[in-house]
Amino acid sequence: MSRWRAVVVLGLVLSAAGVLGLCQAGRGLRSEHTSAGGVPVEVVRAAGGAPGRPAVVVAHGYAGSGRLMRPFADTLARRGFVVALPDLAGHARNGRPLSGPGEVDAELAAVVRYVRSRADVDPARVVLLGHSMGAAAVVRAGAADQSIAATVAISLGDDGAPVRPGPRHLLLIVGGLEPVGIRDATSKALAAHPDGRRMVRVPLVEHAGVLFADRTHREAAHWFEDVLGHRPERHVLAAKDRVAPAGLLLAGLLLVVAGVLVRPRGTRPPTVPALPRGADLWWLAGAVLAAPVAGLAGGALASRTLPSSVSGYLVGYAAGAGAVLAAVACRRISVAPPRPAALVTCAGFMVAGTAAVVVPVQAGLTSVVPYGSHAWLVALLALAVALLLGGAHAAAGPPYSVVVLALVSAPLPVAAAAGLAPGFLALVAPLMAALAALHLLLGGLAWRSGTPWWATVPAGALMVAWPVAASLPID
């Protein structure tokens, strides 16, 4: 068997294993989608069972979704809880803009009222769990409603300022690799009201990874069960039941795409182009220095005009930086009519590469279906990223364009840390870097197999833009 066929077969095997694992993740559970005061909610419970169960309302963080928190429902529902997973304002299926903490608080209160009204829930045994933005929201909700029996706050940030009286029976969980500000805020919250509170530091996990740690699920489940006097129906921890098979599916689909890209086509591998020299090199160096400045200016403008401040900033940054690189590239490239075979490869790679990323993320991680304004924000960010990728490839040529992209993009998280850009970009930057690296890897395989660099740009733009813009909230 040829090497590329072996890679495709391995990819298909991993994909099948991932699909099977995802199909098994919800076994024994019933899920229903409803609305509570206009808030989309997924309610998960074990199939069958008696009424009057304890319930958990789970609040996701900024750029999260109810689907991101589904592993907590898989764990807690099998242990005998009814679990409500709302999509909060501006996120996923919720079309309301995220106007501020007050909007989130009102929606969370509406979901609590809905859960208490359900026939299968004991209204005296409703508890809360939240992550990041959601952690601050459940702390405020537990403080405002002292009938909430217990609260678990994961990765509580600076917006979770101590409130008096605090929520009853508050458990604070923080990842050992979280940003210092989150760890400090969690410690301050513990010090403000030490009675009835406990803090757990989960080692070797960061801001997102803490959600999929067995320790996090174990501590939260035991905290609720001890406070409520609830005996678990099954001692289950399902922290990785979805993300692990989704990872297999992602790896499998990417291997299938890679195998197809490297199959022999009877064409010679391209020669590595010469690095620009003389005046062209000086122009390129100037563009690398000027592109971040144009990006920061474009980001500041777009974040104020588009309906999502963070997505808007990314659109403006990519478009501004890409425009500078593209302008310099126009000095040294000539445009030739594309061959039909290259157009077919471009379209196929765009569809397959995008699906290889988006499908596993939707199936096992978080909601990336673009609802409402998210749809055209995905398209807009994809166009901006395409300009950035195309400008870098045209200005320097692969493989040197990888260095250009890294130098042009590096100031973005630095600006976020310095307060010159939305602070959340510091958390988004690693995700975008990973997606861009994935594009460059697959694009490099395609280029080595004779595919022109421009045919890889649409796939790369969508692979980067779709998961990011579909997740970031409308505000």
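Colleague: In which loop is the place of Pro 399?

Modeller: This is a predicted model, in which local features need pLDDT of at least 70, side-chain atom pairs count only at pLDDT 80 or more, and totals for chains, interfaces and linings use all residues. Residues are numbered from 1 along each chain as its sequence is written, and side-chain values use heavy atoms, leaving out hydrogens and water. The peptide bond from Pro 398 to Pro 399 is cis, with omega near 5°. Helices (DSSP runs of H or I, at least four residues) and strands (runs of E, at least two) are numbered from the N terminus, and Pro 399 lies in the loop between helix H11 (373-396) and helix H12 (400-409).

Colleague: Is Ser 132 buried or exposed?

Modeller: Ser 132 is found in the loop between E5 and helix H4 (133-144). Although not a glycine, Ser 132 has a positive phi of about 60°. Buried means under 20% relative accessible area, exposed over 50%, and partly exposed in between (1.4 Å probe, protein chains only). At 16% relative accessibility, Ser 132 therefore counts as buried.

Colleague: Which are the edge strands of the sheet?

Modeller: Eight strands form an open sheet of mixed pairing, in the order E1-E2-E4-E3-E5-E6-E7-E8. Two strands pair if DSSP finds at least two bridges between them. Pairing on one side only marks the edge strands, which are strand E1 (29-36) and strand E8 (197-202).
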